[in-house]
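Reader: I am new to this structure. Please take me through it and tell me what each term rests on.

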Amino acid sequence: MRVLFLGAAAVALSGCSWMGGLGGKSSSQSNQHGYYASSADDCCVGGKSLSRWNVEAAVGPQFFVGGDAVTGDQIHVGTGAESGVISMSDAYETGMRYELGGSYALNPNRKITVMGHYASAEGEDVTVGTIGGNAVTGTMGDYKGYGVEAGIRQYFTPTAAPVFGSIRPYVEGRLGATHIDDVALENAQIAGSGAWLGGTVPMYEGGWVPTGAGLVGVEAPVFKRATLGLETGIRYTGTLDSDNSVLTGANPLAGINNGTDNWTIPVMLRGRYRF
């Protein structure tokens, strides 16, 4: 994990500043693409002032691609219970992620970003195991969280493109934290016996966990001071603590709630307005 995020950050920090011109393109050409603000004030690049401050917002789905929600391989042996491993992608539907924040340009090609976020995914119906041959079923509680990430975004040379006139690729590395709500198995039932352990079984304690992401994207000007971008990548979210208030060591299925870190792939539509 550390290698991934350090690598992403290293890529974002690498490369020339290209203050005099983006990879051979003059700054005036780049301004025509809509990336700088025109001003007669103190010039920064080719007589054009650099728009330092930006407000940004993004929305899009995120897909679970790693991590386990149910760890049936860790339950007691010889108790008449059986359980398997259920991945996050099988326990949850595709989630949604929303971001709002800002960025500050260090130079025409590099920005510091700070983004707040909210993300959620609806739980699926699952069979967490069997006790004495009777299936134990329920619905995973929704996976919800909010938090903040800070990062460094490195832009590359704008490239001519249809419709928008140009597109500008970038890479970004981020680190942060998110607060995940408590997670429970809801409407828990055991076949032939009705509600299991009261019907609502705590699985994970809510709390703050670390996050990190390596992102790639492209951005295009849509108005004089606004750009629209599309980005994807890979995001890591840390492990929640197990809630053993009900799933005690005496329970045949104790141990199904030792979930792992999880990984998601976001696909975000991002808007940016520069001042």
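Author: Residues 24 or more positions apart account for 73% of the contacts with a separation of 6 or more. Contact here means heavy atoms within 4.5 Å. This is a predicted model: local features need pLDDT of at least 70, side-chain atom pairs count only at pLDDT 80 or more, and totals for chains, interfaces and linings use all residues. Residues are numbered from 1 along each chain as its sequence is written, and side-chain values use heavy atoms, with hydrogens and water left out.

Reader: How many helices and strands does the protein have?

Author: There are 3 helices and 20 strands. Both are DSSP runs, numbered from the N terminus: helices are H or I with at least four residues, strands are E with at least two.

Reader: Why is Glu99 called buried?

Author: Buried means under 20% relative accessible area, exposed over 50%, partly exposed in between (1.4 Å probe, protein chains only). Glu99 has 5% relative accessibility, so Glu99 counts as buried. Buried residues make up 47% of the 275 residues in the protein.

Reader: What makes Glu99 and Arg174 a salt bridge?

Author: The rule asks for a side-chain nitrogen of Lys or Arg within 4 Å of a carboxyl oxygen of Asp or Glu. For Glu99 and Arg174, N to O is 3.2 Å, so the pair meets the rule. Glu99 lies in strand S7 (residues 95-107) and Arg174 in strand S13 (residues 165-180), 75 residues apart. Arg174 is buried because its relative accessible area is 2%.

Reader: Which side chain does Glu99 also meet, at 2.7 Å?

Author: That of Arg270, in a second salt bridge with Glu99. This pair links S7 to strand S20, 171 residues apart. Arg270 has a relative accessible area of 2%, so Arg270 is buried.

Reader: Which residues do shared partners join into one network?

Author: Salt bridges that share partners join Glu56, Arg97, Glu99, Glu149, Arg153, Glu172, Arg174, Glu231, Arg235 and Arg270. The count for the protein comes to 14 salt bridges.

Reader: What makes a set of residues a nonpolar core?

Author: Buried Ala, Val, Leu, Ile, Met, Phe, Trp, Tyr and Cys residues must be joined through side-chain atoms within 4.5 Å. The largest such core has 30 residues; Tyr92, Met140, Leu185, Trp196 and Leu253 have the most contacts inside it. Strand S14 gives the most to this core, with 4 residues.

Reader: Which residues is Tyr92 in contact with, leaving aside neighbours within four places in sequence?

Author: Among them are Phe64, Ala121, Met140, Tyr143 and Val183.
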